[in-house]
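Below is a short note for a colleague who is new to reading structures. The points are numbered and can be taken in order.

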Amino acid sequence: MVVTLWGVVTLVFLLGRLSGDPVALMVPEGTPPADIEILRHQLGLDSPLPVQYADFLGGIAHGDFGRSILYRRSALDVALERLPATAELAVWAMALAVVVGLTVGVVTAARPNSWLSRLAVFLAVSARATPGFVFGIFLILFLAVALRLLPTGGRGAPLQLIMPVATLAFVATPTLIRITRAQMLETLRQEYVRTARAKGLGTSAILWRHAFKNASLPIVTIIGIQFGAMLGGAAIVETLFAWPGMGLLAISSINQRDYPVVQCVLLLAGTWFVLVNTAVDMAYVMLDPRSRRA
Amino acid sequence: MTESAIAAPRTAGASAVVVRPRRRRHVEWTVWMAFVVVLAALATAILGDAIAPYPYSSVSLTQRLLPPMILAGGSGAHVLGTDALGRDLLSRLIVGLRVSLLAGFGGVLVAAALGTTVGLLSGYFRGWVENVLMMVADVKLALPGILLAIGVIAVLGSSSGVLVVVIGLGIWVGFARVVRSVVIRVRNEEFVMAARSIGAGDRDIIVRHLLPNCVTPIIVLATLEVPTAITLEASLSFLGIGIQPPTPSLGNMIADGRGYLDLNPWQTLVPALGLIILTLSVSRIGDWLTTILDPASETGTIH
């Protein structure tokens with residue numbers, strides 16, 4: 001976990017030095033060379049790369065993630081202020097994706113040949129090929145423009161939450177359906193399921209109490225990966241629905257040439273992923289007693 | 001950590017495949033359709049300007065926001081209608097298709113090259129080489145493709161070259177994992193030992209003996225990843241940090257249309273439907289290839 005975090009920090013550091021001259025990212029065109037030189041010195045960019053790297057690591061260790069050029073204050077604060085909005089979106093979207101994904105996955109595995117299952121699988125395959133932002137635009141077109149049911153964007157009212165959450169969930173759900181279904185199909189072939197059926201247990205008891213529990217471990221892993229990677233999808237959803245979260249902040253910071261803020265968002269996203277997946281590893285230990293011995 | 005995370009669903013998926021007795025293969029009509037769509041898209045993209053009825057950036061203020069020909073108000077002069085600047089949507093779709101396919105196939109090529117190299121090296125040498133390379137892959141997984149792209153584009157700006165590389169960087173990990181697992185499986189087989197016993201060096205063994213064994217899974221995975229790459233390009237262009245106007249791409253065409261959803265939804269729907277049909281067709285071919293070439297493994301695509 002620590003190693004991955006260190007890797008993320010290093011990657012972000014290297015990204016910032018890709019162009020060879022980070023200052024060029026920060027100043028508007030036409031800035032006098034003397035001013036550029038001063039800024040370069042202030043930021044320590046005239047020292048050798050290893051020294052810069054040490055400073056960068058040292059700064060992060062002290063909670064110093066650089067200053068936003070646009071807002072003139074700590075870039076970390078600027079990014080963290082947007083975290084709750086993104087987290088709200090991600091948590092609701094993940095909850096929706098898990099409920100829909102697991103239900104559809106289990107039900108289609110229980111009756112793989114019914115027309116409803118076939119329809120669901122077909123829809124899931126089609127959904128996998130539809131980019132999230134296109135689905136979001138369809139939602140806007142039907143729910144906001146044609147039917148005038150929902151506001152097209154912004155944050156505040158509960159109604160404004162519906163389309164962004166649905167769009168973000170839309171991206172995660174097909175994979176969850178696929179994995180859940182595959183796991184359940186596999187589990188339902190096991191001997192103990194036949195035993196359970198033979199001793200007269202009802203279908204739903206077999207499905208949810210016996211088979212689903214055993215199928216759940218890989219599903220938990222996928223949920224972790226999806227939830228950890230959700231900030232990527234959030235960048236698109238937030239731009240589409242003018243949702244004032246970290247993703248929208250990153251995009252607008254690119255246009256404002258506010259690189260320290262972009263850098264902070266990347267670091268927070270990497271940390272988010274690592275923390276979520278560490279939590280998943282711990283959940284594993286709780287869910288599966290066998291992994292405690294290993 | 002992520003190591004086991006990725007491995008689990010893969011093996012599970014593999015054993016979930018039902019082995020059916022081999023009979024003469026029946027190719028579903030959806031696969032034929034998919035091939036027709038993809039070949040038509042490729043042909044259109046290659047011919048490009050030659051078949052586009054208008055130059056893609058030719059503006060006409062009297063012909064703005066026309067719906068497609070078959071709808072009321074449409075005209076035969078603009079088969080798919082026009083956008084807010086009166087530019088012909090069919091012409092822009094044709095050129096945008098080329099951009100999307102270039103980014104899609106180019107990005108996958110970069111990803112396959114990078115991922116295969118990493119997979120071959122880590123699977124063959126094991127030890128610290130493997131540990132370091134797989135750690136890099138774990139770090140990549142912690143930054144989703146879009147965010148990585150945002151980071152790179154924030155520094156280097158956006159150009160088609162940067163875009164192709166960034167898309168490749170976004171999806172290479174899958175190739176590395178698949179190639180590595182194949183190499184680990186075959187590296188101790190007799191033909192490798194035979195090659196070594198007659199004095200073949202590491203490079204010979206990797207390139208002449210191990211790489212050929214990876215070709216099938218690489219092709220399958222590449223086909224499955226093309227839609228991902230196309231989607232990534234479209235997403236970045238939609239965000240305004242991919243292909244820059246006036247060059248059309250499916251993504252920036254959709255972004256352009258957003259402001260006119262109530263006046264002329266077709267400006268958005270035309271590129272959006274084009275994008276869906278394209279990605280759906282390529283992924284249909286990918287799924288089909290998976291079942292005929294690689295029935296034993298589910299080449300999971302997780303980013």
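1. A salt bridge here is a side-chain nitrogen of Lys or Arg within 4 Å of a carboxyl oxygen of Asp or Glu. By that rule, one salt bridge is found across the interface of chain B and chain A. The model is a predicted one.

2. Which side chains form the salt bridge? Those of Arg128(A) and Asp287(B) do, with 3.6 Å from N to O. Between chain B and chain A, two residue pairs are counted in polar contact, both at pLDDT 80 or more.

3. Several elements of chain B give two or more residues to the side that touches chain A: α1 (2–15), α4 (127–142), α5 (145–156), α8 (202–238) and α10 (266–293). The largest share, 10 residues, comes from α10(B). By type, the residues on this side of chain B are 36 nonpolar, nine polar and five charged.

4. How many residues does each chain bring to the contact? Chain B brings 50 residues and chain A brings 54 residues. The size of an interface is often given as the accessible area lost when the parts come together. For chain B and chain A, about 4,600 Å² is buried between them, and 79% of that is on carbon and sulfur atoms.

5. Now chain B by itself. Chain B has 10 helices and zero strands, so its pattern along the sequence reads α-α-α-α-α-α-α-α-α-α.

6. Chain B has 303 residues, of which 52% count as buried. Of its contacts between residues at least 6 apart in sequence, 73% join residues at least 24 apart. Chain B exposes about 13,300 Å², with 65% supplied by carbon and sulfur atoms.

How values were computed:
Residues numbered from 1 in each chain as written. Chains lettered and ligands numbered in written order. Predicted model: local features only at pLDDT ≥ 70, side-chain atom pairs only at ≥ 80, totals over all residues. Heavy atoms only, no water. Helix = DSSP H or I, 4+ residues; strand = E, 2+ residues; numbered from the N terminus. Buried < 20%, exposed > 50% of the residue type's maximum accessible area, 1.4 Å probe, protein only. Contact = heavy atoms within 4.5 Å. Areas by Shrake-Rupley, 256 points an atom, 1.4 Å probe, with all protein chains shown as cover. Buried area = accessible area lost by both parts, 1.4 Å probe. Polar contact = N/O pair within 3.5 Å; in protein donor to acceptor, adjacent residues only side chain to side chain. Nonpolar A, V, L, I, M, F, W, Y, C, P; charged D, E, K, R; others polar.
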